[in-house]
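Subject: Model for your review

Hello,

Please find the structure below.

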Amino acid sequence: MTNNDILRSVRYMLNLSDAKMVEIFALAECEVPQADIQAWLKKDDDAAFRPCPDVLMGYFLNGLIFFRRGKSEDAPAPSIERKMTNNIFMKKLRIAFDLKTTDIPEVLKRVNFTVSQAEVGAIFRKPDHKNYRECGDQILRNFLKGLAMIQRPKSEKPA
């Protein structure tokens, strides 16, 4: 998945305005103009579309962690990755939404996507670990859909 796909998903999931997204970047000590965010949120075939750079996506995800969980003065800020991968997206989102590794299969079950606890554990391992597994787009996409279902539950229709 692209950085832009993740930005669009998180924005929808949390119902964030452009101004709130600027604030999230600022929490990670990164100033991003609202015009850049608007260009990143455009559809890929729009003339005003621009890809979101990996470094800025790293700042956004760190800002999201601070936005959702608060900033701890005791703990060091998470590192900013220069190259984003689906595994890093999963790790940062898991932290931001305060999920345990055991919660991930439950989130995926909401969208009828089954994954074993061992597969999830392999995604969160370090790349040089013998049981490390790359996170595919399908798992990440379904994880984002499941999170959206949790964060934005459908309201019941009035009787």
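A residue is called buried at under 20% relative accessible area, exposed at over 50%, and partly exposed in between, using a 1.4 Å probe and protein chains only. This is a predicted model, in which local features need pLDDT of at least 70, side-chain atom pairs count only at pLDDT 80 or more, and totals for chains, interfaces and linings use all residues. Residues are numbered from 1 along each chain as its sequence is written, and side-chain values use heavy atoms, with hydrogens and water left out.

Aromatic pairs

Rings of Phe, Tyr and Trp (its six-membered ring) pair if their centres lie within 6.5 Å; planes under 30 degrees apart are stacked, over 60 edge-to-face, and the rest tilted. The count by this rule is two aromatic pairs. One is Phe25 with Trp40, a tilted pair at 5.9 Å centre to centre with 50° between the planes. Phe25 belongs to helix α2 (residues 18-27) and Trp40 to helix α3 (residues 34-41), so this pair ties together parts 15 residues apart in sequence. Helices are DSSP runs (H or I, at least four residues), as are strands (E, at least two), numbered from the N terminus. Trp40 is buried, at a relative accessible area of 2%, and Phe25 is buried at 0%.

Phe25 also pairs with Phe60: the ring centres are 5.3 Å apart and the planes are at 50°, so this pair is tilted. It links Phe25 in helix α2 to Phe60 in helix α4 (residues 54-69), 35 residues apart. Phe60 is buried, as is Phe25. Phe25, Trp40 and Phe60 make up one aromatic cluster.

Charges over rings

A charge sits over a ring if NZ of Lys or CZ of Arg is within 6 Å of the ring centre and within 35 degrees of the ring normal. The charged end of Arg94 sits over the ring of Phe124, 4.4 Å from its centre. That of Arg152 sits over the ring of Tyr12, at 4.2 Å from the centre.

Helices α5 and α8

The axes (lines fitted to C-alpha atoms over the stretch in contact, with angles from 0 to 180 degrees between N-to-C directions) of helix α5 (residues 86-96) and helix α8 (residues 137-151) come within 10 Å and cross at roughly 25°. Contact means heavy atoms within 4.5 Å. Asn86, Phe89, Met90 and Leu93 in α5 meet Asp137, Ile139, Leu140, Phe143 and Leu144 in α8.

Regards
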